[in-house]
Amino acid sequence: LPELFRSIPLEHQANFMGLVNSSEDSGSVLTSKERRKLKRRLTEELETEGVEDAEDVSDLLLDMEAQDRLNAILPLLKDPQGSELLNLAYQLSTLQKSTNTIKTATDRAAKMVFALKTYSHHDHTGIKELANVIDGIETVLTLYYNKLKQGVEVIKNYAKIPDVYCYADELNQIWTNLIHNALQAMNYQGTLIVDVERRARYITVSITDSGSGIDPEIMPKIFEPFFTTKRAGEGSGLGLDIVNKITKKHKGKVEVSSVPGKTTFSIYLPIDLDPDPYAETHNNLR
Ligand SMILES: Nc1ncnc2c1ncn2[C@@H]1O[C@H](COP(=O)(O)OP(=O)(O)O)[C@@H](O)[C@H]1O
Ligand SMILES: [Mg+2]
């Protein structure tokens, strides 16, 4: 790099660096329509200024998000070395962008590994632990990140809630099943709302999707094990049965309401569940 910089004429160095770094601070993404429009304008301006290959130059400038710097960099572009300098700046800026992408991706991978570790942390002691329900929901949402990012808007309304004694891993299965059903119901396109509230002695978690809704005719059956309206391979029909069983184990309850475009499953969990370390052992012995 030092050698490279020496080869850049002194008067262009500041603008060269500006070009390399311009995508750093913009943060905005152009739609293809906006881009076409900008490109047309830029190309015209460049042509008026007598810059060669105006169209290609516009493309590079737009890739570098340097369109707003045109006035400052015109002298650089008009330099006999201009296209060389521009290409160099472009390569460096690409390098920088890729490095940032790698950084974001590794951050996300680390988060994902953490979520998986949290999720699979299996507690066979049968003893309840003090945990925050929101942490579990966040873990599940992280695991679903890839399915969500394409077309689902996630709205989180989290109230401040106390930690509760619970089987945290099993609660995660509730959130997994409800979120999975919600996403399937809207074919991974739409809005997912997660409300966490405190109502009297309960924590309520509501998962709402903008999907097709549940036909009133099948409503009485949805909690039955093996009841499914999905194709083989897509559903086992066990999800809501599991949700129901785990909720009962926590002395809670499940409520459903559904109209086309708005289906909500609400889980009520009592706040004052005791640690009750022996209940599970007794159950196992029975
Ligand atoms: N959010 C939802 N929107 C629409 N239908 C749902 C939703 N959640 C559950 N259902 C219905 O309840 C049925 C049973 O759900 P579930 O027990 O999770 O089994 P599965 O998802 O394997 O079919 C589903 O097949 C579907 O018809
Ligand atoms: Mg399911």
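Leaving aside neighbours within four places in sequence, K156 is in contact with E138, L141 and V194, where contact means heavy atoms within 4.5 Å. K156 lies in strand β2, and because its relative accessibility is 41%, K156 counts as partly exposed; buried means under 20% relative accessible area, exposed over 50%, and partly exposed in between, with a 1.4 Å probe and protein chains only. The C-alpha atoms of K156 and I207, which are 51 residues apart along the chain, are separated by 9.7 Å.

This is a predicted model, in which local features need pLDDT of at least 70 and side-chain atom pairs count only at pLDDT 80 or more, while totals for chains, interfaces and linings use all residues. Residues are numbered from 1 along each chain as its sequence is written, chains are lettered from A and ligands numbered from 1 in the order in which they are written, and side-chain values use heavy atoms, with hydrogens and water left out.

**The sheet**

- Five strands form an open sheet of mixed pairing, in the order β2-β4-β5-β7-β6; two strands pair if DSSP finds at least two bridges between them, and strands (E, at least two residues) and helices (H or I, at least four) are DSSP runs, numbered from the N terminus.
- The edge strands are β2 (152-158) and β6 (253-259), each of which pairs on one side only.
- Neighbouring strands of this sheet are turned against each other by 10° on average, direction ignored.
- Helix α7 packs on the sheet and touches β2, β4, β5 and β7, its direction making about 170° with that of β2; axes are lines fitted to C-alpha atoms, for helices over the stretch in contact, and angles run from 0 to 180 degrees between N-to-C directions.

**Strand β5 and its partners**

- Strand β5 (residues 202-209) is mostly covered, with seven of its eight residues buried.
- Strand β4 (residues 190-199) pairs with β5 in the antiparallel sense over eight bridges; D209 of β5 is the bridge partner of L192, and T204 of β5 is that of E197.
- The hairpin of β4 and β5 has two residues between the strands, and A200 takes a positive phi near 50° there.
- Strand β7 (residues 262-270) runs antiparallel to β5 and is joined to β5 by eight bridges, with I267 of β7 as the bridge partner of V205.

**Helix α7 against helix α9**

- The axes of α7 (residues 133-143) and α9 (residues 168-185) come within 9 Å and cross at roughly 45°.
- The two helices are therefore oblique to each other, given that angles under 35 degrees count as roughly parallel, over 145 as roughly antiparallel, 65 to 115 as roughly perpendicular and the rest as oblique.
- The contact is made by V133, G136, I137, V140 and L141 of α7 together with L171, N172, W175, T176 and I179 of α9.
- These contact residues divide into seven nonpolar, three polar and no charged; Ala, Val, Leu, Ile, Met, Phe, Trp, Tyr, Cys and Pro count as nonpolar, Asp, Glu, Lys and Arg as charged, and the others, Gly among them, as polar.

**Helix α3 against helix α5**

- Helix α3 (residues 32-48) and helix α5 (residues 70-78) pack at an angle of about 45°, with their axes 12 Å apart, and are therefore oblique to each other.
- L42, E45 and L46 of α3 meet L70, L74 and L77 of α5 in this contact, which by class has five nonpolar, no polar and one charged residues.
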